[in-house]
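My entries follow the order in which I checked them.

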Amino acid sequence: MTQQRNTAAWREMDAAHHLHPFTDTASLNEQGVRMITRADGIYLWDSEGNKIMDGMAGLWCVNIGYGRKDLSDVAKRQMDELAYYNTFFKTSHPAVVELSHLLAEVAPQGFDHVFYTNSGSESVDTMIRMVRRYWDVKGKPEKKTLIGRWNGYHGSTIGGASLGGMSYMHEQGDLPIPGIVHVEQPWYYKHGKDMTPEEFGVAAARWIEEKILEVGADKIAAFVGEPIQGAGGVIVPPSTYWPEVQRICRQYDILLVADEVICGFGRTGEWFGQTHFGFQPDIFTTAKGLSSGYLPIGAVFVNDEVASTLAAGGDFNHGFTYSGHPVAAAVAHANVKALRDEGIVQRVKEDIGPYMQQRWRETFSQFEHVDDIRGVGLIQAFTLVKNKATRELFDNWGEIGLMCRDIFFANNLIMRACGDHIVSAPPLVISKAEVDQMIDTAARCMAEFERQLKAKGLA
Ligand code: PMP
């Protein structure tokens with residue numbers, strides 16, 4: 001019985017057999033992993049009995065919070081009834097049909113079709129193939145190149161990692177693949193110089209136009225961006241950015257793709273980040289919040305024009321054994337329905353989101369080495385800086401961030417460091433009292449962080 005093993009035994013077995021994602025295995029095995037054994041609401045418990053506040057909703061995915069028995073009941077019922085069947089070969093099943101119907105209801109107008117995957121990365125790779133197929137069917141097969149952004153994140157598969165702009169990922173496995181180019185991210189604090197945020201938003205969008213002109217509009221298939229860059233450090237673009245990006249994509253006949261894997265399903269207080277920023281993509285990718293992480297499932301939403309073009313092309317030779325998996329689909333359906341019918345998304349917009357944003361700003365603005373405090377709904381961040389007045393960042397980007405992150409962890413609060421950006425995205429069901437508790441703990445951690453900075457002579 002695995003339950004009877006203790007932490008030390010689990011650590012030993014983990015070190016012996018388990019390769020972790022994005023991990024230096026040797027160094028992890030020296031320290032030993034933290035074993036998470038159960039979760040409820042916004043809290044996790046580890047194998048030593050510590051209660052930990054999850055300020056990251058797992059990996060930005062447990063929107064509905066942990067421990068929803070109604071979701072596990074749905075999974076059990078669906079497993080008993082139809083644990084698996086595929087959606088190839090002229091076949092469907094009730095769970096996937098019900099989910100598709102519901103998704104068309106919550107999606108922005110004009111998005112009536114979805115293609116299922118098992119993860120954000122698969123959604124992105126599916127989208128890449130769809131975009132290229134779209135232009136083939138349109139009789140413009142030379143339109144193949146996709147534009148992504150430096151410091152964007154679109155997953156770990158070969159397509160997703162190529163489209164993302166993480167140089168440390170490109171360094172491994174000969175990426176990016178051909179046909180993918182990148183432009184600079186719309187990070188005002190670093191790149192905005194003497195412009196107003198509104199001026200900068202337009203200027204940053206124009207970098208995309210420059211790239212289109214450099215490569216040739218006749219060769220560009222799509223521009224792809226996260227409405228808010230998540231893993232890149234919660235980079236919230238100025239309000240002028242997305243409308244200008246849309247104008248440029250329309251002008252040059254380029255598909256506009258939003259990667260909503262993090263922003264989707266309520267994170268910003270709207271169902272999708274595109275609505276918050278007021279733009280209309282042609283395609284958008286999702287995963288994470290679709291099932292609140294209870295089971296792996298992703299979906300690529302295509303607008304009616306893209307759907308009818310793909311349909312006109314006959315077979316789309318793409319799909320996964322688990323596309324529209326019945327159990328994942330049933331759980332996603334129950335999750336999305338609950339996010340809607342319990343008013344969870346609406347509450348992020350009208351109540352808990354504004355509360356978090358206000359408390360986040362007022363609390364962290366008091367620290368000497370915190371600046372660029374930002375966020376929307378329940379996704380927020382600040383940046384650790386050496387000097388606020390000159391906007392000077394610390395040397396060795398990421399080193400200070402990890403030091404700070406470790407202080408949060410030591411205090412049983414999970415926040416994440418993306419370089420020297422400290423980010424948070426808790427479950428959407430977080431209460432006001434829990435927001436207060438999270439902010440108070442984080443503030444104590446930041447005071448400790450600034451003490452350590454001084455003690456180590458780093459500031
Ligand atoms: N796109 C975005 C915007 C993401 O944030 C992520 C994951 N953090 C992915 C794609 C990849 O998703 P997955 O890890 O489920 O493959």
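The entries below cover the ground rules, then the domains, the cysteines and the alanine.

**Ground rules.** I am working with a predicted model, in which local features need pLDDT of at least 70 and side-chain atom pairs count only at pLDDT 80 or more, while totals for chains, interfaces and linings use all residues. I number residues from 1 along each chain as its sequence is written, and side-chain values use heavy atoms, with hydrogens and water left out.

**Domains.** I looked up the domain assignment, whose bounds come from an automatic or database source. It gives domain 1 as 34-67 + 343-455 and domain 2 as 70-341. I found their centres, taken over C-alpha atoms, to be 26 Å apart. Domain 1 puts 38 residues into the contact and domain 2 puts in 33 residues, where contact means heavy atoms within 4.5 Å.

**Interface.** I noted about 2,800 Å² of buried area between domain 1 and domain 2, with 61% of it from carbon and sulfur atoms. Buried area here is the accessible area (1.4 Å probe) that two parts lose on being put together, summed over both. On the domain 1 side, Trp60, Val345 and Arg391 lose the most area to domain 2, together 23% of what that side buries.

I then looked for charged pairs across the interface and got 1 salt bridge, the term being a side-chain nitrogen of Lys or Arg within 4 Å of a carboxyl oxygen of Asp or Glu. I also listed Glu270 and Lys349 as a salt bridge, with 2.7 Å between the closest N and O atoms.

**Cysteines.** I counted 0 disulfides, taking a disulfide as a pair of cysteine sulfur atoms within 2.5 Å.

Cys61 is buried at 14%, and Cys249 is buried at 0%.

**Ala161.** I placed Ala161 in helix H7, residues 158-163; helices (H or I, at least four residues) are DSSP runs, numbered from the N terminus. Ala161 is buried, at 4% relative accessible area. Leaving out residues up to four places away in sequence, Ala161 touches Gly155, Ser156, Met169, His170 and Leu175. From Ala161 to Asp372 I read 27 Å, C-alpha to C-alpha, across 211 residues of sequence.

Definitions and conventions. Buried < 20%, exposed > 50% of the residue type's maximum accessible area, 1.4 Å probe, protein only. Helix = DSSP H or I, 4+ residues; strand = E, 2+ residues; numbered from the N terminus.
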